[in-house]
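Let's walk through how the two chains meet and what sits inside. The structure comes up next.

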Amino acid sequence: MPRLFIPPLLRSYCGGKEEMIVEGTTVLEAVQSLDNEYPGVMERLCPEGKLRAGTSVTVDQNVTPRGLSQKVSSESEIHFLPAIGGG
Amino acid sequence: MATIDETKAAEGSDETPKYKVIGTRPIRHDGADKVTGRALYGADIKVKGMIYGAILRSPHAHANIKSIDTSKAKALPGVRAVITSADLPEPGDKIAELGEGSVVLNHLSSNNLARTKVLYKGHSIAAVAADNIHIAQEAANLIEVEYEILPPVLDVLKAMSDEAPVLNPDVRTEEAATGEKGDKHTNIAKHFLFEKGDIEKGFADAKYVVEREFNTSTVHQGYIEPHVATALWNNDGQITVWTSTQGTFSVRQQVAELLDVPLARVKVVPAEIGGGFGGKISVYLAPVAATLSRIAGAPVQVVMDRTDVLQATGPTPGSHIKIKMGVDADGHITAADAWLAYEAGAYPGSPIGAGAMCVFSCYDVPNGRVEGFDVCVNKPRTNAYRAPGATNAAFATETVVEELCEKLGMAPVDFRLLNASKEGTRRVDGVTYPRIGLVETLEAIKESDHFKSPLEGQHRGRGIASGFWFNAGLKSAVTATVNSDGSVSLLEGSTDIGGSRTAIAMQFAETLGIAAEDIKPAVVDTDSVGYTDVTGGSRVTYATGWAAYEAGKDLQRQIVARAADLWEVDPDQVSYEDGYVLGPDKKVSFKEIAVELSAVGEPLVGRGVSNHNEPGGAFGTHVVDVEVDPDTGKVDILRYTAAQDCGTAIHPAYVEGQIQGGAVQGIGWGLNEEYWYDEDGSMRNANFLDYRIPTCYDLPMIDTIIVEVPNPGHPFGVRGVGEVPIVPPPAALAAAIYDAVGVRMDELPMSPPRVLHELLKKQKES
């Protein structure tokens, strides 16, 4: 099952955990799985079911343009990071 | 130029990739127009019936706007329109995603025409369109504005204090990961935090710990062509904007959002662009010119002068950074801690997120913590500038690394090789690296003639530093039309900065096995090609190049099918290889089949799109020799070499040019460039005489070493090149200055007065 890395500022809502093994075949399902364990996380990470503005999803080393709909495998790592632009 | 292919060597093969076109140096397709002066840049655009705009800008750094009286301006003969923010729609707190990032539309709108407050000197307040520029400027000066002047805050640390005047009443500190906002008015717009491992234990395990603080100044991209926009808001509701931009589609969206019109009503036509480096993504003039046009009933052109560019467009932020790093007796990093505060300028949105992700990116840090703050100050809203946020961070980290090396008695290059990030290294922000080439750039520098050459003479020193920048993927589209003579017209949406149209055409040519000279690449308007994200983020050669590859593959499939039909054979019996169509008893070149097919059937048009997300990331390592004048503090560069992992160099001359250009900008940032503000918040060096970018008199030849560790996430192994080379220079210069005269610089720029100050302090102490 995929590993979802919990951003440090969100860990206080997740029992101090740094990462969780979650269920799901998409990023959205993975976050929902985390939210089942720690209700309220979904609203903070993805308000109204959408990725928070200024945030990007990284799956297996790469920022995905598909955001929450990105498919994940049982080996995947999921990170939430600042969205960045280049010059 | 040297080329190293470490991937092939690692695989135990001495076979280097064999490309027909990639790696060659064809003459750039836009070369003749540019060297003869025929290329059309923004201000060259002339539209029938065009009139001219001028903008009234704030003389104050921080003030409430109590009233604006435009009556005298409107009464001036020849004036056709006068506007203020009241003529722009009120966008509220809506957030727009602009491909490379998001923006609060109210902030973007207020940056185009101030609403209730001015937040920096030069902030635009009102605009005039008139029959000629002289009348427009005279009318702008007749606009009367009543201000309530407020104290400015220009320093990032002061802006963070509870006592600081607050710039934006809607800003509360937002926790980046949770979106939760504080309940008090503040200039701290956003807070980031990354953690990895056990930092207390990491420092407890260290034999040596170095902790230092650094300041960097606000600097500008310094592109030679100022901002310009020409707009026509036609009677049918269609808005056309001709402009110099890094992203036509981004301008289209910004204009549509700010003017509250449907996207389909806006067409953006790109002009050639005289530099951007991240500074030509946000709009400053287009919505204003369009609104003036709507009222005047004529196309309006607005051009900034150099003072406007420096005072009122987005530089990259000044910053305050604290770095603490620990190493064990063997030189392994045990822990690293960073605290970064970046100036956002007038509105939130500094590159602090990227800075926080880059600050330790070159090192395998087992225990780390990075905290970052986005802070508003009374300066223009910052914008991207080549690896935004990374240069500040690298200057701080690399300088601490140098001091650790001194304590360890270890050569800096060996320390870096020992601790370098590599495939599988997990960054402090949590992500692991794919195949990367930092080690290869360090080895390339270590083996370079420059590094091996002795450096002799008094007050001379040598320094090295490394740097990293992400590469973006995002969306690109191209269309390829085969002409009846076998040439191909290639339409693309990536505005060309640094020769990208040729680099894209070369990837298309490689795919089809034809010559780059047979491609006619053109950068076209937003109605004429599929959506394409900005020319930025080191993404164009990667992503638009991939789209060109797909267009080539699309044409191959069509040609095979059409040839099979023409030759009346099964398609399985036809293939496309290396520029030829092969049938059961035929071998026909691309040109020959193009002629044949165009005579007997429908046109051949290929399409290619990309939205890939494996752009890799790129590293560079630079070495510099300097001589410091102990009487003046002036630093002269004697020799400079930059090594960079470029994946696969499509057009090596352009790769070298990008590396050289980035290094030169980094040198300027390191030695001279800074915004000088007086206590009232007035920029005192808003011209190119006093804002000192390096010229050819200040620099030796920048030698380049192209390292090629192909990116496995691209058909040709491309990595972005353009941004990495600005990251290492200030840190490399700081190391060289220390080597030369024994003073550690902790502030940018390391200009003569600052270096002299440190030299005199050292003299006094000894």
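## Salt bridges and polar contacts

This is a predicted model. Between chain A and chain B there are 3 salt bridges. One of them pairs the side chains of Arg44(A) and Glu180(B), at 3.0 Å from N to O.

## Who supplies the contact

On the side of chain A that touches chain B, at least two residues each come from β1 (3–5), α2 (41–45), β3 (55–59), β4 (62–63) and β5 (77–82). The largest share goes to β5(A), with 4 residues. By type, this side of chain A splits into 13 nonpolar, 10 polar and 6 charged residues.

Counting both partners, chain A puts in 29 residues and chain B 46 residues. Together they bury about 2,800 Å², and carbon and sulfur atoms account for 56% of it.

In soluble globular proteins, nonpolar side chains tend to be buried together. Here the largest nonpolar core holds 105 residues, and Ile323(B), Leu340(B), Phe360(B) and Met750(B) have the most contacts inside it. Helix α12 of chain B (residues 390–408) gives this core its largest share, 10 residues.

What does Phe360(B) touch, leaving aside residues up to four places away in sequence? Its partners include Ile323(B), Met325(B), Ala336(B), Val365(B), Val370(B) and Val428(B), and also Asp337(B), Arg369(B) and Thr397(B). A second, separate core has 43 residues, among them Leu490(B), Val540(B), Ala563(B) and Leu604(B).

Definitions and conventions. Residues are numbered from 1 along each chain as its sequence is written. Chains are lettered from A and ligands numbered from 1 in the order in which they are written. This is a predicted model: local features need pLDDT of at least 70, side-chain atom pairs count only at pLDDT 80 or more; totals for chains, interfaces and linings use all residues. Side-chain values use heavy atoms; hydrogens and water are left out. Contact means heavy atoms within 4.5 Å. Buried area is the accessible area (1.4 Å probe) that two parts lose on being put together, summed over both. A salt bridge is a side-chain nitrogen of Lys or Arg within 4 Å of a carboxyl oxygen of Asp or Glu. Ala, Val, Leu, Ile, Met, Phe, Trp, Tyr, Cys and Pro count as nonpolar, Asp, Glu, Lys and Arg as charged, and the others, Gly among them, as polar. A nonpolar core is a set of buried Ala, Val, Leu, Ile, Met, Phe, Trp, Tyr and Cys residues joined through side-chain atoms within 4.5 Å. Buried means under 20% relative accessible area, exposed over 50%, partly exposed in between (1.4 Å probe, protein chains only).
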